[in-house]
Each structure stands twice: as structure tokens, then as C-alpha cells.
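Welcome! Take a moment to look over the sequence and the 3D structure, and then we will walk through a few of its features together.

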Amino acid sequence: MPQRDRIAEPWGVRTPYEPGDAWPVRVDSYLREGLSAGDVDRWVPAASLLHSNGDAMDIAVKDGAMVGVRGRAHDRVNRGRLDPKDLFGWQANASTDRLTRPLVREGDELVETDWDTAMSRIVARTRALLDEQGPSAIGFYTSGQLFLEESYTVAVIAHGGIGTNHVDGNTRLCTATAAEALKESFACDGQPGSYEDVDHADVIALFGHNMAETQPVLWSRVLDRLAGSRPPAIICVDPRPTPVARAADVHLAPLPGTNVALMNGLLHEIIAHGWIDRDYLDAHVVGFDELEQRVKKYPPERVAEICRVPAEQIRRAAEILGRAERLLSTVLQGFYQSHQATAAAVQVNNLHLIRGMLGRPGCGVLQMNGQPTAENTRECGADGDLPGFRNWSNDAHVADLAKVWNLEPEQIPHYAPPTHLMQMMRYAEEGSIRMLWVMGTNPAVSLPELHRIRSILSQERLFLVVQDLFLTETARFADVVLPAATWGEKTGTQTNADRTVHLSEKAVEPPGEARSDLDIFLDFAARLDLRDKDGGPLVTWKDPESAFEAWKECSRGRPCDYSAMTYGKLRERGGIQWPCDAEHPDGTERLYAGGRFYSDPDYCETYGRDLVTGAPVEPTEYRAMNPGGRAVIKAAEHLPPHELPSEEHPLVLITGRTLYHFHTRTKTARAPQLQQAAPDVWAELSEPDARLAGVTEGDLLEIATPRGTVQAAARITGIREGVVFLPFHYGYWDTDSRSNDRAGNELTITDWDPASKQPINKTAAARVRLLERRDAPAPAPTTTASAPRTASIPPTAGAPGATADEDLAGAM
């Protein structure tokens, strides 16, 4: 079987195919050195944990331990392919520094204890705060890495049992704008498109989406289309020279903070040339007239001045988009974490609405996710929304949920919009939230303006519970630390970015006394003795499968309907897309076929928000505007960012990800192949900006914003002039430094999009200063958007342990 260095070649070998053909199979696998497939005791089905693509795989088990993975050949998502994080990331499970017993704070120290002591402290504090202040004293901060069954359980406990409105997920940082943009255009969350649209599209447009690094297997699918004889045209919008940009027919690199202006310019050209589907608009859409008038003010010349992108490039991109017969668009953090995030992402939806390109093969929008179960966080209510995409402003929806949970409607908080994370942190700062339970996420590295976050988490009056695998930077502030089991050590379902549900099964035992998140939540609910209105237990399930059955009933009749799914069907079939109900027992490939939307005023998840102020649209206003349940076009005006470059801070700072790491590296840095590929932080500069600062490749820089400074080695790349990039992954758990000068979020601003409430991490004024000349290159990969301009830098390659097998199945 052929072998390949999958650090040096992250996307593997090509398997070309033509429009409308099935994506060929290529099975990737990696086993611990010295083992072969014949040595494996058993293979256990799972799906990927370290991104949102949902790659189906089998975990290799020998002598009760994980020893490798292989892709599942016939799964609809990946057809056997695995990316570097899939192939190597599982090794973090066996790290010697895993948490194996609960910890409690005694003075200034965290000391080991037993589960009863730890849980008793949490329950005692919960009861005391409920008696003293009520539910508003307690907040839950969940994760897009929990399984569906765990997200639903914590939502029931928080909303129905405790009655707090302070619930959010770390999806607020990555895909809150995806959800909000879908709600604004379609009055409901839920991905319209499908990964199989890649197989049919003749144009693929990626808006702020470095797919090559965030969803490498999906990018492999695009690369295989590009390798065929009838490749799609590629449009890329990104200020960095990503692998996507290098493959693009047109690469638009706007100044950060100007995405709305760019989208208005593209829409202006498309409408002006008549590249619209008037019949579709008349039958299925409201709001087009306002958009038509708004974008008249954005001809290419004006947009070129705002975005600093050549007007001719705007025209060329618009013509490709306007003449496409089958258009697929994808969107991610380049829009979601930028100024006017929701307004910009909504304009991508508008592009598809005016072209009538939804619900057909090759015609779709993928407002992408960043985490493996971000979709579950949203649909289950672990991000603060009501489970099942119910509308918190619709009393009938609240009553329906109360019926499912056997509660009175007034027991479910719906007096105001759910409290988003940034507001929760402000409440904790002010002292009204006095207990915060953080699970599977690391805000002491991932939230903006970290000196402020550290000051909040370290308050004596805040009782902090952290549930995680490792003693993270956040866990060090905790009053109680709970050791959690992770992927491969527990069973549950995961829903990916195109609504595909996989069952991930338990392969090995967790280390020491670590428990699954579900078992921890069930224990908490039992100790609190949470009851329904008839005096029975509020949480009636006892294991993952019974929790899934409970969720199915909660989802029944709602857009995200799972009612015809079972664990048995998922084991037999592999990935299945929701809605999966009696009408669609095998799942649903695409939403909104034939212009049928979930936007009826009595059924929709939301009435929308004002894109500038974030104020909720009133029910009566929505009914008057959209009585027939059509898709909604919302126009937007370009507004300047709140923090602009100045003489003191002449650059724009953006933060982001690299292919080889995930979030704050708690797992990927413990996989040697991944850590070696990107071992430390770096800063990317353009050649003109580097010359102006007197900087060369590898020199040590100080990057400063009004909030602080970070030190990083310089990588000179093809990034657009005026922009500096920092990867946000690097915190402090694996360094002895106490100077807090490494994490990118030391520099980011406390600001968020008014509609989605997602923090703005890609629009901050910055400056750079040379600190020290160095001879070695920056510790940045050469295979990614961080590719150097200097040709003499050695290419990124893996050690012998980075070689993976590829069953080519006809690949060239």
C-alpha cells in the first residue's frame, strides 16, 4: 500500500473526477509504528474531533489501547480520507498529563479529591446561589466538542432545571455568525447545502474560508474536481495567500473590515448585468427591492477605494458568479470574526437568493462550522437558544418545549434573548454571575483581551468549575476541576457542518477516574434532585442511547428532525443528514428545494435582528413583512470598523488558525507530528511592511495593539500589505514564561457583532517593532497560508512517524 508524508502533503494524492460523478474512494490510515492492520484487535467506528468536517473513521484498538485510525471508505463525507489532525491527533488521549481525578481548591492550591467531594461542592454552591440570588447567579459555558447527547442534557438542566438564561457555547467564537446569518435569511438555522454540491458545481466561491487548512478533506474534494478535465472556477476572498487563493481563478484580498463593501460591489455588478433569477425572486423571496437600491451606491470603483482591491478584479469575480450555472459558496472565520460579520455573511445568502441557486445539486450555501459538534450545540440549546430551533419569542414554541420536558412554560426562561458569552463575562466581572461552569473549552486563551479575562476568572467571588481533559490555563483558575473522558472513550453522536450525523462509539476506557461529560451531567442532575411538574425526575435518561431517544422526541416536527434516526441505523448506514423523519427516513441531502423554507411566522426559529443594532425584530413586524414564509433578503450599508489604523498603530491585526493545530492546542500539541509542524507562534508580514519595519525572516518582533504586546518570529509572506497575522492557538501551558506575551488574544479587542454577538478578532489596529535579529526561520509551516517568500527556507516535513498509508483505489 502506498505511503505518504501527510505533514508535507496534507491533502494526499489526487483522485480526479468529473462533474456529477461520485467522488472516488481513497482510504487513509495510520497505525502506531511497528503495527499492521493484522495486529489490530478491533476497529471501532467514530468521526473526527479536531475540526467540523465530520470525517468518518475507525479507531484501531490493541490490548485495550488506541493504536491508530483509518478512514471509512463508503461514508458520504470523506470517502475514506483523513486529514493530518485525524491521522495523528488521537495520540493526545494517551498523554501522561491527562487529568485522572477531580481537583478542588484549598487556599492557593488545587488538590486531588474524590468525585463525591467534588460534586458535593458544586451542588452545595449551586443550591446556595439559587436560594440567595436565583438562577441568574449561574452560567454555563459549553463546547462544540460535546456529543449531541451531552449538549442536550446540559441544556435541559440549565434551561429547564435551574432556569437560567446564562447559557452559551464556545461556538460563539467560531460559528455564531453562521447560525445568525442563516436565521436572518431563512428565519431558521440549518445548513442549506451539502458537501456533495462540490461534485456538481461549476463555480465554487470561498468567502473568508481557508478550507485547505480548516477542512482539509473537503479541500481534497475540491482539489480532485480541479484535477479533472472540467474543473470548477474558484473565487477566493481572503487577505492571506492561502492554498485556496493559490488555486483561485480570482483572488480578492480586501482590507480587513470591508467585507460588506466588497459583497455590495459584487451584488451591484450581478444585478446591473441582469444575472438574476427574477421568477425565483418573485415566487420565493422578500426584500429584493431594498437590496437593488442599496447596492447601486457600490460600483466597483468605489468598492476598490474602500477595500483596496482592483476594480477589474471585482468585475471579473462578479461575472464568474453571475454566469455560474451551479454555484456553491462557503463562508467561515474571515467573515464571521470580522467587522459587520452577520451583515457580510447575509450578503452571501443574498447572492444565492438573487441567482435562485438553492436546493439543487451544485447550488448551495455552506455557512461553515469550526468545531465537530457546533451544530449540536446550536440545535440542542447548549448555546442558549431553545432546543429544536424553537423560537424564544413565540409562546407556542415555549409551551411545546415545556410539554416535551413536562414543565410549566414559565419555568423555561424566555423573558429576553439568551445571554451571549461576552455579556456573561461582563456579568461575571460585575458580580451578578457568581458561578460559571466551563466545559471542554479554554477561555483563558481563546477569548479576546486576555488580561481582562484572567482578571474575571481569578475573582474570589466567582465559583469556577472546569470540566476538561487537561489542566488548561483556564483550569488553573478553577475552584473545582472535573476530569472528563473524551472522543474514543465514550459514546455519542456528532453532527457536522452539512447536517451529517455520525455515531462515535467508545473504543477504550478513560484514564483513571475520568468520566464522560454525560455521566457528569446526569450525576449533577440527580444530586440537585431536579424534578418535572409532576414530581418525577426531569432528566429521565441514563445512558447515551436513551439520551438520543429523548432528543429525537424534542426534535420531532422541528426543522432539525431526528425522529427516524436510531443508533442501529447509524451503525448500519454511517452518516445520515437531518431532517430524518417519517417523510425522509434516509435523511435529506439539501434544504429549501423548490423554494420551501422554514420561515412561516408560526414555525420559524426567529423573527430576525437589526443588522446594525442587533435589536430583535418584533413578531408583528415580521408577520407584516413576511406573511407567506419566504426567504428574506436583508441589505446592509458598509460601516467603518470601530478601531481603525492610526499613525501609532498603522497595521490591521488579524488572528486565525493553522492546518496543524486546533483551538488552544490542548490536544494537537500533544500529538508529536502536529506539534513539530508548527511548534511555536509566529507573525506574518508582507514584504513592503517588513522592509518598512527593518525586519527579515525569523527576526523576533513585538506586535502591539492598544491592549498589549506579543512577541513572535517574523514570517514574510504574500499577505496583503497593511495586515499582520497571528495564529491564536498558542497559550502558556507548555512554556515556562510568565510574561503573557505569546497568545494572540492578548491583543484582540472586546467587541462583538451586534447581531451574532461573535467577538471581532480580525479588525484591530496594530504596530510591529524589531526586537532581535535572528538567523533561523520562523517556526511556521511552509505548506499553508504561511508559506514564505524566501525560497531557501526548508519545507515543512514530518519525521518518519508522519508517514500514513493511502489505499489509492484508482488514484493517479
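## A helix with two sides

A residue is called buried when its relative accessible area is under 20%, exposed when it is over 50%, and partly exposed in between (1.4 Å probe, protein chains only). Helices are DSSP runs (H or I, at least four residues), numbered from the N terminus. This is a predicted model, where local features need pLDDT of at least 70, side-chain atom pairs count only at pLDDT 80 or more, and totals for chains, interfaces and linings use all residues. Residues are numbered from 1 along each chain as its sequence is written, and side-chain values use heavy atoms, leaving out hydrogens and water.

Which residues of helix α16 (residues 395–405) are buried? They are His 397, Val 398, Leu 401, Ala 402 and Trp 405. Seen down the axis of α16, these buried residues fall within an arc of 140° (taken from the directions from the helix axis to the C-beta atoms), so they line one face of the helix. An α-helix has 3.6 residues a turn, so residues three or four places apart point the same way. Ala 396 and Lys 403 are exposed, on the face of α16 turned away from its buried side. The buried residues of α16 pack against α3 (148–162) and α21 (544–555), with contact meaning heavy atoms within 4.5 Å.

## Cysteines without partners

How many disulfides (pairs of cysteine sulfur atoms within 2.5 Å) does the structure hold? The structure holds zero. For Cys 307, the nearest cysteine sulfur belongs to Cys 236 and is 14 Å away. Cys 307 is buried, at 0% relative accessible area. For Cys 580, the nearest cysteine sulfur is that of Cys 560, 12 Å away. Cys 580 is buried too, with 0% relative accessibility.

How values were computed
Disulfide = S-S within 2.5 Å.
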